[in-house]
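This briefing is meant for a reader who is meeting the structure for the first time.

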Amino acid sequence: MDIATPQKHMAKDMELLVVGEGRKTRPDAVTVDVNPRVEPDVLHNLEHFPWPFERNQFREIICHHVLEHLFRFTEVLNELHRICKTDGQIRIQVPHFSSRYAHSPGHIYSFNIDSFAPYVTGSDFNHGFNW
């Protein structure tokens, strides 16, 4: 599935993107998911790039327990950075490696407190990425 399919609630002026949670839990958000059964606003495989959004489109992006399921982790983070406004926020929640949920079927990665340090702007570790 390479082509995004806009669904019924998509509005260009919405500034909140919820990634990987198709069910509409916030009326002020655009949702994107690969699963058509959850009826996302945009149906898209998150490991196919670029995502069907403009550069600097969203003021806030929420990724709640989705990144641990994706193989192309660094590319996904680069894409989140591309579509987030310069003064925006990307909120990521993933299971800690010590959690009983961290090693569930379908989880490709496990995370600790330092997992995102190489990707944070201004970090001493931010070398070799497209930001």
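Buried residues account for 36% of the 131 residues in the protein, and the model in which they are counted is a predicted one. The accessible surface of the protein amounts to about 8,000 Å², and 52% of that surface belongs to carbon and sulfur atoms.

**Overall fold**

- When contacts between residues at least 6 apart in sequence are considered, 58% of them join residues that are at least 24 apart.

**The largest nonpolar core**

- In soluble globular proteins, nonpolar side chains tend to be buried together.
- The largest nonpolar core has 24 residues, and those that touch the most other members are L17, V19, W51, F53, I61, L67 and L80.
- Two or more residues of this core come from each of the elements β2 (16–19), β3 (29–33), β5 (58–64) and α1 (73–83), and the element that gives the most is α1, with five residues.
- For L17, once neighbours within four places in sequence are set aside, the residues in contact are V30, V32, F53, F58, E60, I61, I62 and I83.

**The helix α1**

- How many of the 11 residues of α1 are buried? Eight of them are, so the helix is largely enclosed by the rest of the structure.
- The buried residues of α1 are F73, V76, L77, N78, E79, L80, R82 and I83, and what covers them includes the strands β2, β5 and β6 (84–93).

**Aromatic pairs**

- A pair of aromatic rings is described by the distance of the centres and the angle of the planes, and the structure holds two such pairs.
- In the pair of F53 and F58, the ring centres are 5.2 Å apart and the planes stand at 80 degrees, which is over the 60 degrees that the term requires, so this pair is edge-to-face. Both F53 and F58 are buried.
- In the pair of F73 and F111, the ring centres are 5.6 Å apart and the planes stand at 45 degrees, so this pair is tilted.
- Because F73 lies in helix α1 while F111 lies in the segment after β6, their pair ties together parts of the chain that are 38 residues apart in sequence. F73 and F111 are both buried.

**The segment after β6**

- F116 is also found in the segment after β6, and, not counting residues up to four places away in sequence, F116 touches L67, F73, L77, I92, V94 and F111.
- F116 and I92 are 24 residues apart along the chain, and their C-alpha atoms are separated by 9.8 Å.
- Y109 has its place in the segment after β6 as well.

**A nonpolar patch on the surface**

- Y109 forms a nonpolar patch on the surface together with F71 and I108, and the accessible area of these residues together is about 290 Å².

Key:
Residues are numbered from 1 along each chain as its sequence is written. This is a predicted model: local features need pLDDT of at least 70, side-chain atom pairs count only at pLDDT 80 or more; totals for chains, interfaces and linings use all residues. Side-chain values use heavy atoms; hydrogens and water are left out. A nonpolar core is a set of buried Ala, Val, Leu, Ile, Met, Phe, Trp, Tyr and Cys residues joined through side-chain atoms within 4.5 Å. Buried means under 20% relative accessible area, exposed over 50%, partly exposed in between (1.4 Å probe, protein chains only). Helices (H or I, at least four residues) and strands (E, at least two) are DSSP runs, numbered from the N terminus. Contact means heavy atoms within 4.5 Å. Patches are made of residues with over 30% relative accessible area and no salt bridge: like charges are joined within 9 Å, nonpolar side chains (Val, Leu, Ile, Met, Phe, Trp, Tyr) within 5 Å. Accessible areas come from the Shrake-Rupley method with a 1.4 Å probe; for residues, only the protein chains shown count as cover. A salt bridge is a side-chain nitrogen of Lys or Arg within 4 Å of a carboxyl oxygen of Asp or Glu. Rings of Phe, Tyr and Trp (its six-membered ring) pair if their centres lie within 6.5 Å; planes under 30 degrees apart count as stacked, over 60 as edge-to-face and the rest as tilted.
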